[in-house]
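Welcome! Let's take a walk through this structure together, starting at the ligand and then moving out to the helices.

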Amino acid sequence: EDAERHGFDHYMLKEIHEQPAALERAIRGRVTPDGDVDLEAFPPGCFSDVDDVQIVACGTSYHAALYARQLLAERGVPTQVFSAGEYATTPAPVSEHTLVIAVTQSGETADTLASIRLASERGARTLAVTNVVGSTAARVCDDAVFIRAGPEIGVAATKTFSSQVAVLTLLRERLAEDITGQRGADRERVLRALERLPGDVQQVLDQSSVESLAARYRDRDGHFFIGRGVAFPVALEGALKFKEITYEHAEGFAAGELKHGPLALVTPDTPVFAVFAGQYDDKTLNNVEEVVSRGAPVVGVGSEESTDVAATVDEFLPIPDTHPVAAGVLANVQLQLVSYHVADLLGRSIDKPRNLAKSVTVE
Ligand code: G6P
């Protein structure tokens, strides 16, 4: 086993470090030299008869789905996201012009499979975004796109989230162009940011130093994660990773929701991790002020050029300055490292957290 971990103490850490290579594979050949998206089986126009999109997923894949919803909404594509466990019991109405996308690393999650079977029976078109060629999701859906992340052994998903977001971003460009008849004004910048992303993730991995921060925040009453726009699903994912492997209490919120309840829990003993993706940062900074005035320590994750963020928070975890589409992925890598190091300091079973399974094949 040691040899398979290539010198890393845990598969999770190895997989965090595999993200540049995984992203390279996810993107390779899918962006043409003249700045177009080339998604093999999906030529221009293949989604022209789609009116709306529904995305079903669980766990970390659900957070990638929420990320995709933000991206599709920005391009004017009507999109809903459902936790597959809910969709399987209370499906949303579909038509033959509804595209139901299953985001599932393994392609075997029971709730997700039940959801796509239901959608298919009701006449929707289905598409799997998965890591496993030959998985049930890939076979059951009308079409499949593979994220090419390579095997993920750690129960807590890391590299597959990044690769899902990258592939969903490419898919967004194809879908949005086919459905709205227009290319997004910032499409070229988005594709350039994706091409830079493997190198930018490498920079985060090379320069991140969160061990001392992890030591300071390892034993607190609770840990809150906030963000808006694409930083909202990153906040949810940051909290999920934290609770999965540290067993400490962690919750993620939309930054704007803080004052509608969670703020009652904020004290000097509840660090708040604020995620900034270069979208609506001023609004999130206002929310940070709200928790600072309650005495909570704030860890900000944001562009290395965001001097106003760095000046407001107690601890700053920088990421390369890039398009928000990619910034969320980079911020998530910093949060993966924080969770990993806190869990390591606490001596947790990082690769196989208690009570959790890599693939949940029962509803
Ligand atoms: C389990 C795993 C999670 C994963 C979720 C969805 O709960 O522990 O890490 O995100 O299943 O898995 P999927 O294979 O459908 O992406």
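## Around the ligand

In this predicted model, 17 residues surround the ligand, and the closest are Gly59, Thr104, Gln105, Ser106 and Thr109. Sorted by class, the shell around the ligand has seven nonpolar, nine polar and one charged residues. Helix H3, which covers residues 59–74, supplies the largest share of this shell, with three residues.

Now let's step back to take in the chain as a whole. The chain holds 13 helices and 10 strands. Its C-alpha trace spans about 50 × 45 × 40 Å along the principal axes. Is that what a compact globule would look like, or what would its radius of gyration be near? With 363 residues, a compact globule would have a radius of gyration near 21 Å, and the chain agrees with this because its own value is 20 Å.

Next come the pairs of helices. Two packed helices are described by the angle between their axes and the distance between the axes. The axes of H3 and helix H10 (residues 231–246) come within 9 Å and cross at roughly 170°. An angle over 145 degrees counts as roughly antiparallel, so H3 and H10 are roughly antiparallel to each other. On the H3 side, the residues that meet H10 are Thr60, His63, Leu66 and Tyr67, and their partners in H10 are Pro233, Leu236, Glu237 and Leu240. This contact of H3 with H10 divides into five nonpolar, two polar and one charged residues.

Helix H8 (residues 187–207) takes us to another part of the chain. Its axis and that of helix H7 (residues 159–180) come within 11 Å and cross at roughly 160°, and H7 and H8 are therefore roughly antiparallel to each other. The crossing of H7 past H8 is left-handed. Here Ala166, Thr169 and Glu173 in H7 meet Arg187, Val190, Leu194 and Leu197 in H8. By class, the residues of the contact of H7 with H8 are four nonpolar, one polar and two charged.

H8 also has helix H2 (residues 19–27) as a partner: their axes come within 8 Å and cross at roughly 170°. H2 and H8 are therefore roughly antiparallel to each other. From H2, the contact is made by Gln19, Pro20, Leu23, Glu24 and Ile27, while H8 contributes Leu194, Glu195, Leu197, Pro198, Val201 and Gln202. The contact of H2 with H8 has seven nonpolar, two polar and two charged residues.

Key. Residues are numbered from 1 along each chain as its sequence is written. This is a predicted model: local features need pLDDT of at least 70, side-chain atom pairs count only at pLDDT 80 or more; totals for chains, interfaces and linings use all residues. Axes are lines fitted to C-alpha atoms, for helices over the stretch in contact, and angles run from 0 to 180 degrees between N-to-C directions. Helices (H or I, at least four residues) and strands (E, at least two) are DSSP runs, numbered from the N terminus. Angles under 35 degrees count as roughly parallel, over 145 as roughly antiparallel, 65 to 115 as roughly perpendicular and the rest as oblique. A crossing is left-handed if the near helix is turned anticlockwise from the far one by less than a right angle, and right-handed if clockwise. Two residues are in contact if their C-beta atoms, placed from the backbone, lie within 7 Å. Ala, Val, Leu, Ile, Met, Phe, Trp, Tyr, Cys and Pro count as nonpolar, Asp, Glu, Lys and Arg as charged, and the others, Gly among them, as polar. A residue is near a molecule or strand if its C-beta atom, placed from the backbone, lies within 6 Å of it. The radius of gyration is taken over C-alpha atoms; the globule rule is 2.2 Å times the number of residues to the power 0.38.
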